[in-house]
Amino acid sequence: MRKFNPSISTYKNITDIKLKPLKQEENPRGLLSPVRSPMMNESKKSIDPVIVVAHHVAAIRKRRNITDVS
Amino acid sequence: MYLREEPLFDGPIPGQGLTAELGSRPWQNPPQLSTVEEAIDYYVERLTDESAIDQIVNILEMGVPIADIANAVQLGMVMDGVHSVDVGILVIPVIIELMMYIGDQANVQYETGLDKTAKDGISDAKIVNITSKLKQKIEEKDSLPKTKEEKPEVEEKEEDKSVGLMSRRKV
């Protein structure tokens with residue numbers, strides 16, 4: 001009987017996540033554009049770590065699939 | 001449930017883990033990498049190193065499941081104080097995917113350990129094999145000529161002889 005392995009459940013949970021493309025907000029460049037406060041920048045930075053991992057996994061998988069075909 | 005047949009005498013004494021000074025262990029100190037992004041960068045850099053790739057390929061060729069390797073790797077890093085337990089759990093899928101990528105590149109037939117394998121339970125083929133063997137044995141026994149007629153043993157029950165003063169007497 002195999003012991004409980006957390007890596008199996010974490011991997012399956014990550015692969016179940018449906019990914020949306022990360023939006024990159026354009027920085028306003030004009031002289032009169034509103035300046036963002038550092039407080040707002042901090043809140044913008046905080047992306048869910050699970051989503052970060054899911055994006056990394058998807059990127060590696062995509063590369064794997066590309067190499068498999070070739 | 002698995003029960004240990006022999007007592008473990010050389011194991012740690014209860015409470016032995018608390019005898020070291022607080023903060024003397026790496027995992028009792030703040031981790032070197034606090035975010036998932038840092039941990040991913042660390043693992044990608046370490047696992048894609050040439051010497052690491054050779055080791056991983058060797059282990060995969062031995063048939064060790066990738067899920068088990070990934071769990072062991074992240075646990076080792078937690079023990080070394082590189083990252084915390086929760087970051088380690090989060091990073092596991094990246095480690096697994098990286099190892100699969102390395103295995104694919106090296107053309108190794110690796111075992112992921114993510115699916116149920118034959119090791120987890122008894123396979124259908126084994127069950128069919130065993131039942132057919134049992135049937136054969138039963139048929140062989142039935143075909144043998146019976147030399148002695150076995151009489152069914154009937155156990156004679158001894159009637160309880162009542163001994164007490166207040167016991168009922170037989171009429």
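Predicted model: local features only at pLDDT ≥ 70, side-chain atom pairs only at ≥ 80, totals over all residues.
Trainee: Why is helix α1(A) called roughly perpendicular to α3(B)?

Mentor: Helix α1 (residues 6–16) of chain A and helix α3 (residues 66–79) of chain B pack at an angle of about 105 degrees, with axes 8 Å apart. Angles of 65 to 115 degrees count as roughly perpendicular, and therefore α1(A) is roughly perpendicular to α3(B).

Trainee: Which residues make that contact, and how do they divide by type?

Mentor: From α1(A) come Pro6(A), Ser7(A), Ile8(A) and Tyr11(A), and from α3(B) come Ala67(B), Ala70(B) and Asn71(B). They divide into 5 nonpolar, 2 polar and no charged.

Trainee: How many residues does each chain give to the contact between the chains?

Mentor: Chain A gives 20 residues and chain B gives 23. On the side of chain A, the largest share, 12 residues, comes from α3(A). That side divides into 10 nonpolar, 5 polar and 5 charged residues.

Trainee: What makes Val91(B) a contact partner of Val53(A)?

Mentor: Two residues are in contact if their C-beta atoms, placed from the backbone, lie within 7 Å. Val91(B) touches Val53(A), and its other partners include Val36(B), Ile40(B) and Gln74(B).

Definitions and conventions:
Residues numbered from 1 in each chain as written. Chains lettered and ligands numbered in written order. Axes fitted to C-alpha atoms, helices over the stretch in contact; angles between N-to-C directions. Helix = DSSP H or I, 4+ residues; strand = E, 2+ residues; numbered from the N terminus. Parallel < 35°, antiparallel > 145°, perpendicular 65-115°, else oblique. Nonpolar A, V, L, I, M, F, W, Y, C, P; charged D, E, K, R; others polar. Lists of a residue's contacts leave out its neighbours within four places in sequence.
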